[in-house]
Amino acid sequence: MSKHLIHNENPLPYSCEQCLHFIENVKCKAFEIIPIDYICDAEAHNKVVKGQKGDFVFQTNEKRQYMRVYTIG
């Protein structure tokens, strides 16, 4: 049996920089310093949390990016 290349596209996570409320560095409208949990997973900020300013949550107008992954099958 001959092997062949299998192609998949895996979705990439969004980053804080892609959020409509991002300001610069680690600052956004909701946080003076964005918590590390959201830096690593921006989409996890999907509801208002204690300690943030306003009612800002992760929002983006950017299309999700994908990474091509090839395996041999």
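1. Is Glu32 buried, partly exposed or exposed? Glu32 counts as partly exposed, because its relative accessibility is 49%, and the exposed class starts only over 50%. The model is a predicted one. Read the points below with that in mind.

2. What does Glu32 pair with? The side chains of Glu32 and Lys27 meet in a salt bridge, at 3.7 Å from N to O. Lys27 is also partly exposed, because its relative accessible area is 29%.

3. How many salt bridges does the count come to? The count is 4. In general, side chains of opposite charge can pair when their charged atoms come close. Two further pairs deserve a look.

4. The Arg68 pair. Arg68 forms a salt bridge with Glu9, and the closest N and O atoms are 3.7 Å apart. This pair links distant parts of the chain. Arg68 sits in strand S4 and Glu9 in strand S1, 59 residues apart. Arg68 is exposed, because its relative accessible area is 55%. Glu9 is partly exposed, at 42% relative accessibility.

5. The Glu43 pair. Glu43 forms a salt bridge with Arg64, with the closest N and O atoms 2.7 Å apart. Both Glu43 and Arg64 lie in the loop between H1 and S4, so the pair ties together parts that are 21 residues apart in sequence. Glu43 is partly exposed at 29% relative accessibility. Arg64 is partly exposed as well, with a relative accessible area of 24%. Glu43 is also one of the contacts of Phe58.

6. The structure holds 1 cavity of 30 Å³ or more. The cavity is lined by 14 residues. Cys16, Cys19, Cys28, His45 and Phe58 lie nearest its centre. By class, the lining has 12 nonpolar and 2 polar residues, and no charged ones.

7. Which residues make up the largest nonpolar core? There are 10 in all: Tyr14, Cys16, Cys19, Cys28, Ala30, Phe31, Ile34, Tyr38, Ala42 and Phe58. In soluble globular proteins, nonpolar side chains tend to be buried together. Cys16, Cys19, Cys28 and Phe58 belong to this core, and these residues are also among those nearest the cavity centre.

8. Phe58 in detail. Phe58 is placed in the loop between helix H1 (36-40) and strand S4 (66-72). Is Phe58 buried or exposed? Phe58 is buried, because its relative accessible area is 15% and the buried class covers values under 20%. Leaving aside neighbours within four places in sequence, Phe58 is in contact with Tyr14, Ser15, Gln18, Cys19, Ala42, Glu43 and His45. Of these contacts, Ala42 is 16 residues away in sequence, and the two C-alpha atoms are 6.6 Å apart. His45, also in contact with Phe58, is another of the residues nearest the cavity centre.

9. Ala30 in detail. Ala30 is part of the largest nonpolar core.

10. His21 in detail. His21 lies in the loop between strand S1 (5-11) and strand S2 (22-24). His21 counts as buried, because its relative accessibility is 11%. Not counting residues up to four places away in sequence, His21 touches Cys28, Lys29, Phe56, Val57 and Gln59. Cys28 is a member of the largest nonpolar core.

11. Asn25 is worth a check. Asn25 has a positive phi of about 45°, although it is not a glycine. Where does Asn25 lie? Asn25 is in the loop between S2 and strand S3 (27-28). Asn25 counts as exposed, because its relative accessibility is 64%. Asn25 and Cys40 are 15 residues apart in sequence and 14 Å apart in space, C-alpha to C-alpha.

Notes. Residues numbered from 1 in each chain as written. Predicted model: local features only at pLDDT ≥ 70, side-chain atom pairs only at ≥ 80, totals over all residues. Heavy atoms only, no water. 1 Å grid on protein atoms, 1.4 Å probe; cavity = no way out; pocket = protein on both sides within 12 Å on 5 of 7 lines; lining within 4 Å. Points joined across faces, edges and corners; volume = space filled by probe spheres on them. Nonpolar A, V, L, I, M, F, W, Y, C, P; charged D, E, K, R; others polar. Helix = DSSP H or I, 4+ residues; strand = E, 2+ residues; numbered from the N terminus. Buried < 20%, exposed > 50% of the residue type's maximum accessible area, 1.4 Å probe, protein only. Contact = heavy atoms within 4.5 Å. Core = buried A, V, L, I, M, F, W, Y, C linked by side-chain atoms within 4.5 Å.
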